[in-house]
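Hi,

Here is the structure I promised to pass on. Have a look first, and my notes follow below.

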Amino acid sequence: KQEVTQIPAALSVPEGENLVLNCSFTDSAIYNLQWFRQDPGKGLTSLLLIQSSQREQTSGRLNASLDKSSGRSTLYIAASQPGDSATYLCAVLISSASKIIFGSGTRLSIRP
Amino acid sequence: AAGVIQSPRHLIKEKRETATLKCYPIPRHDTVYWYQQGPGQDPQFLISFYEKMQSDKGSIPDRFSAQQFSDYHSELNMSSLELGDSALYFCASSLNSGRAAGELFFGEGSRLTVL
């Protein structure tokens with residue numbers, strides 16, 4: 001059974017720092033891994049999608065890596081800003097058109 | 001660009017009543033997912049449809065049913081509502097063509113409150 005874990009559960013850092021959020025999954029047989037951002041009471045916004053054949057994806061200040069063999073993904077946020085404060089969730093797709101399994105998220109707070 | 005549209009955005013019902021949530025996926029997306037998110041919890045998968053057929057099923061109660069119509073919109077029907085059904089219900093869509101697994105896009109959610 002696929003399980004997705006995110007560490008840390010919460011993180012508070014001062015503005016301007018670079019930071020890394022971690023995601024691990026127990027079964028390496030995944031189709032893709034996606035990182036989302038969620039603001040309180042709002043929907044999930046897709047940040048980055050990494051296909052199983054890829055090792056990393058970049059968008060602006062965000063960089064996500066994927067190591068299927070070790071069952072890990074990291075989301076790197078450069079030069080953090082207060083507007084980055086949100087909950088970040090990773091999710092894995094285990095087969096095409098099947099369910100996507102979410103981690104429990106990392107609640108990120110960037111202090112001005 | 002068009003996004004996933006969910007309606008209604010907010011819904012208040014009494015216990016034992018029935019509720020219907022609607023989802024309009026991004027045009028040309030062939031897969032729809034339904035998720036339930038309780039306060040402070042991560043989204044829990046309910047059910048998914050690929051090309052109007054149920055493709056996967058998660059922790060969806062027997063009191064709930066869903067379908068995808070010929071125009072690809074989907075509806076989640078919830079009957080005999082319980083207090084514990086109060087949650088945010090998200091719909092997401094993606095395009096899964098051949099062996100490619102597409103990016104998932106979420107709607108803004110429908111907040112159901114059961115009194």
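Is Glu82(B) buried, partly exposed or exposed? Glu82(B) is partly exposed, with a relative accessible area of 41% (buried means under 20%, exposed over 50% and partly exposed in between, with a 1.4 Å probe and protein chains only).

Before the rest, some housekeeping. This is a predicted model, where local features need pLDDT of at least 70, side-chain atom pairs count only at pLDDT 80 or more, and totals for chains, interfaces and linings use all residues. Residues are numbered from 1 along each chain as its sequence is written, chains are lettered from A and ligands numbered from 1 in the order written, and side-chain values use heavy atoms, without hydrogens and water.

Back to Glu82(B): its side chain meets that of Arg63(B) in a salt bridge, 3.4 Å from N to O (a side-chain nitrogen of Lys or Arg within 4 Å of a carboxyl oxygen of Asp or Glu). This pair links distant parts of the chain, 19 residues apart. Arg63(B) is partly exposed at 21%.

Arg63(B) also forms a salt bridge with Asp85(B), at 2.9 Å from N to O. Shared partners join Arg63(B), Glu82(B) and Asp85(B) into one network. Asp85(B) is buried, at 5% relative accessible area.

Over in chain A, Arg37(A) pairs with Asp39(A) in a salt bridge, with the closest N and O atoms 3.1 Å apart. Arg37(A) is buried at 17%, while Asp39(A) is partly exposed at 27%.

As for chain B overall, 48% of its 115 residues count as buried, and its C-alpha trace spans about 45 × 30 × 25 Å along the principal axes.

Cheers

Definitions and conventions: Helix = DSSP H or I, 4+ residues; strand = E, 2+ residues; numbered from the N terminus.
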